[in-house]
Amino acid sequence: MPDRKLLIIDDDADMRDVLGLYLEDKGLEIVEAGMGQEGLKLLRSKGPFDLVFLDLRLPDLDGLEVLELIQAGGYDVPVVMMTAYSSSTQAIRAMQLGAYDYVIKPFELDEVGLLVDRLFEHRQLAEEVRHLQD
């Protein structure tokens, strides 16, 4: 059974499927949502999650709004923003709101895999440091 759980919030079912299958092959449990509100509900009911992939443009809420709600809700989960629309202003705003990273679609799955590996390695090292400090 996977020991890490990931939430993908994207209105594009094909993107969710491709990304989800790739990350499942890396040993992650995948939960998917097609809308922002649905993703927030899953975050509350199916959490905790180790990572969230969040599309910037969703039918019901803007991805930045969802990111703000995740942060305001006190969820300790890194968020990677995804978008097909390259905008440095949006990327900067997402990072200011606490996003871990920002990827532009279409992206290479191997690059996403490296990003996920780097994130989990960083979190594991941080946990080890906290443990040693205690």
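In what pattern do the α and β elements follow one another along the sequence of the chain?

**View 1. The whole chain of the predicted model.** Read along the sequence, the order is β-α-β-α-β-α-β-α-β-α. The chain thus holds five helices and five strands (DSSP runs, numbered from the N terminus: H or I of at least four residues for helices, E of at least two for strands). Its radius of gyration is 14 Å, close to the 14 Å that the globule rule gives for 134 residues, so the chain is as compact as a globular protein of that length. The radius is taken over C-alpha atoms, and the rule is 2.2 Å times the number of residues to the power 0.38. Along the principal axes, the C-alpha atoms fill a box of roughly 45 × 30 × 30 Å. Residues are numbered from 1 along each chain as its sequence is written. In this predicted model, local features need pLDDT of at least 70 and side-chain atom pairs count only at pLDDT 80 or more, while totals for chains, interfaces and linings use all residues; side-chain values use heavy atoms, with hydrogens and water left out.

**View 2. Burial and contacts in the chain.** Of the 134 residues, 44% count as buried (under 20% relative accessible area, 1.4 Å probe, protein chains only). Contacts are heavy atoms within 4.5 Å. Among contacts between residues at least 6 apart in sequence, 65% join residues at least 24 apart.

**View 3. Asp55 in strand E3.** Strand E3 covers residues 51–55 and includes Asp55. Asp55 is buried, with a relative accessible area of 5%. Its side chain makes a polar contact of 3.3 Å with the side chain of Lys105 (a pair of N or O atoms within 3.5 Å; within protein, one must be able to donate a hydrogen and the other to accept it, and residues adjacent in sequence count only if both atoms are side-chain atoms). Leaving aside residues up to four places away in sequence, Asp55 touches Ile9, Asp10, Asp11, Gly63, Met81, Met82, Thr83 and Lys105.

**View 4. The cis peptide bond from Lys105 to Pro106.** Lys105, which contacts Asp55, is joined to Pro106 by a cis peptide bond with omega about -10°. Pro106 is found in the loop between strand E5 (101–104) and helix H5 (109–133).

**View 5. The cis peptide bond from Gly47 to Pro48.** Omega is near 5° for the bond from Gly47 to Pro48. Pro48 sits in the loop between helix H2 (36–46) and E3, the strand in which Asp55 lies.

Conventions. Buried means under 20% relative accessible area, exposed over 50%, partly exposed in between (1.4 Å probe, protein chains only).
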